[in-house]
Amino acid sequence: MATKQELKGDWNTIVGSIKAKYGQITDDELRQVEGNVDKLTGLIQRKSGQTREQVEAYVESLMGGASSMTEKVSQLAHEYTDSASQAVREGYQQVAQGARRGYEQSTDLVSHRPMESVLAALSVGLAIGVAIGLSMGYSRPEPTWRDRWSR
């Protein structure tokens with residue numbers, strides 16, 4: 001027989017199956033027996049006219065179905081996680097290879113054309129310095145009290 005904890009854990013799945021099989025059972029009646037195996041069995045037995053053993057076997061089959069559904073969802077989540085982590089690893093490897101190629105190309109260029117490389121780096125640094133200086137703006141210093149007094 002299903003335990004109270006098992007029944008509560010898969011309640012929504014079980015309720016859906018019970019409502020599909022026994023349409024005469026209402027939502028209010030199911031809310032009244034929520035989580036209580038004996039009350040659920042008695043309710044189904046009263047509404048359907050089946051024996052207690054038949055109803056208990058049916059509830060057990062629902063529990064097995066709900067558990068297997070939970071296992072399937074867990075397995076799918078595990079497979080998704082594995083495939084996502086594999087995709088991240090592959091992306092990381094591609095980025096690392098691209099960075100390695102770029103580093104090798106730049107070291108090759110610097111070793112073959114050292115003067116041009118130094119001149120290019122100096123030009124870029126100078127341009128960035130000028131841009132930063134202009135963006136900060138030039139402001140004249142605030143006159144002191146002595147400067148104001150002497151005017």
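These are my notebook entries on a predicted model of one protein chain.

**Overall make-up**

I began with the secondary structure of the protein chain, which comes to seven helices and zero strands. Read from the N terminus, the order is α-α-α-α-α-α-α. I then looked up burial and found that 17% of the 151 residues count as buried. The accessible surface is about 11900 Å², and carbon and sulfur atoms hold 57% of that area. For contacts with a separation of 6 or more, I noted that 51% come from residues 24 or more positions apart.

**Nonpolar core**

Next I went to the largest nonpolar core, which has 16 residues. The members that touch the most other members are Ile18, Ile25, Leu30, Leu40 and Ile44. Helix H2 (11-21), helix H4 (37-48) and helix H5 (52-112) are the elements that give two or more residues to this core. H5 gives the most, with five residues.

Which residues does Ile44 contact, leaving aside its neighbours within four places in sequence? I found Ile18, Tyr22, Ile25, Gly49, Val55 and Val59.

**Helix H6**

I checked the length of helix H6, residues 114-136. Its 23 residues should span 33 Å at 1.5 Å a residue, and the end C-alpha atoms are 33 Å apart, so the two values agree. Gly137 follows H6 and has a positive phi, near 75°.

**Salt bridges**

I counted seven salt bridges. In general, side chains of opposite charge can pair when their charged atoms come close.

I looked up Asp27 with Lys19 and read an N to O distance of 2.6 Å for their salt bridge. Asp27 has 36% relative accessibility and so counts as partly exposed. Lys19 is also partly exposed, its relative accessible area being 36%.

The salt bridge between the side chains of Glu29 and Lys47 has an N to O distance of 3.0 Å. This pair links distant parts of the chain, as Glu29 lies in helix H3 (residues 27-32) and Lys47 in helix H4, 18 residues apart. Is Glu29 buried or exposed? Its relative accessible area is 19%, and the cut-off for buried is under 20%, so Glu29 is buried. Lys47 is partly exposed at 32%.

I also noted the salt bridge of Arg148 with Glu142, where the closest N and O atoms are 3.6 Å apart. Glu142 is exposed, with a relative accessible area of 64%.

My last entry is a network of salt bridges that links Asp38, Arg52 and Glu56.

Note on methods:
Residues numbered from 1 in each chain as written. Predicted model: local features only at pLDDT ≥ 70, side-chain atom pairs only at ≥ 80, totals over all residues. Heavy atoms only, no water. Core = buried A, V, L, I, M, F, W, Y, C linked by side-chain atoms within 4.5 Å. Buried < 20%, exposed > 50% of the residue type's maximum accessible area, 1.4 Å probe, protein only. Helix = DSSP H or I, 4+ residues; strand = E, 2+ residues; numbered from the N terminus. Contact = heavy atoms within 4.5 Å. Areas by Shrake-Rupley, 256 points an atom, 1.4 Å probe, with all protein chains shown as cover. Expected span 1.5 Å × (residues − 1). Salt bridge = Lys/Arg side-chain N within 4 Å of Asp/Glu carboxyl O.
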